[in-house]
Amino acid sequence: MEKKLIIKMIKNCFKQYYSEVNSLPMSSEDLEELADRIIQIKTEQPDIDLYDAVNDSVYEFLTG
């Protein structure tokens, strides 16, 4: 799975919650960890849509 694509999807998802275009509420290490977690979710549940996995993980990050 392409990690760069997942990172781009995460950044785009954060744009829904933050108006500042280049602002992420996380460090680059956290971003990498979140991308790895999404890859793990997708590996464990191959039927889940990647878009849903990204959105659910970002929401969980923001609320958790």
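**Exercise 1. Describe how helix 1 packs on helix 2.**

Helix 1 passes helix 2 in a right-handed crossing, meaning that the near helix is turned clockwise from the far one by less than a right angle. This is a predicted model, where local features need pLDDT of at least 70 and side-chain atom pairs count only at pLDDT 80 or more. Residues are numbered from 1 along each chain, and side-chain values use heavy atoms, without hydrogens and water.

- Step 1: the axes lie 10 Å apart, at an angle of about 110°.
- Step 2: helix 1 is therefore roughly perpendicular to helix 2 (65 to 115 degrees).
- Step 3: the contact (heavy atoms within 4.5 Å) includes Ile6 and Ile10 of helix 1 and Leu34 and Ile38 of helix 2.
- Step 4: by class, this contact has eight nonpolar, no polar and four charged residues.

**Exercise 2. Locate the largest nonpolar core.**

- Step 1: this core has 15 residues, each buried (under 20% relative accessible area) and joined through side-chain atoms within 4.5 Å.
- Step 2: helix 1 (3-14), helix 2 and helix 3 each supply at least two residues.
- Step 3: helix 1 gives the largest share, six residues.
- Step 4: Ile38 is one of the residues with the most contacts inside the core.
- Step 5: beyond four places in sequence, Ile38 touches Ile6, Ile10, Leu50, Ala53, Val54 and Ser57.

Definitions and conventions:
Buried < 20%, exposed > 50% of the residue type's maximum accessible area, 1.4 Å probe, protein only. Helix = DSSP H or I, 4+ residues; strand = E, 2+ residues; numbered from the N terminus. Axes fitted to C-alpha atoms, helices over the stretch in contact; angles between N-to-C directions. Parallel < 35°, antiparallel > 145°, perpendicular 65-115°, else oblique. Nonpolar A, V, L, I, M, F, W, Y, C, P; charged D, E, K, R; others polar.
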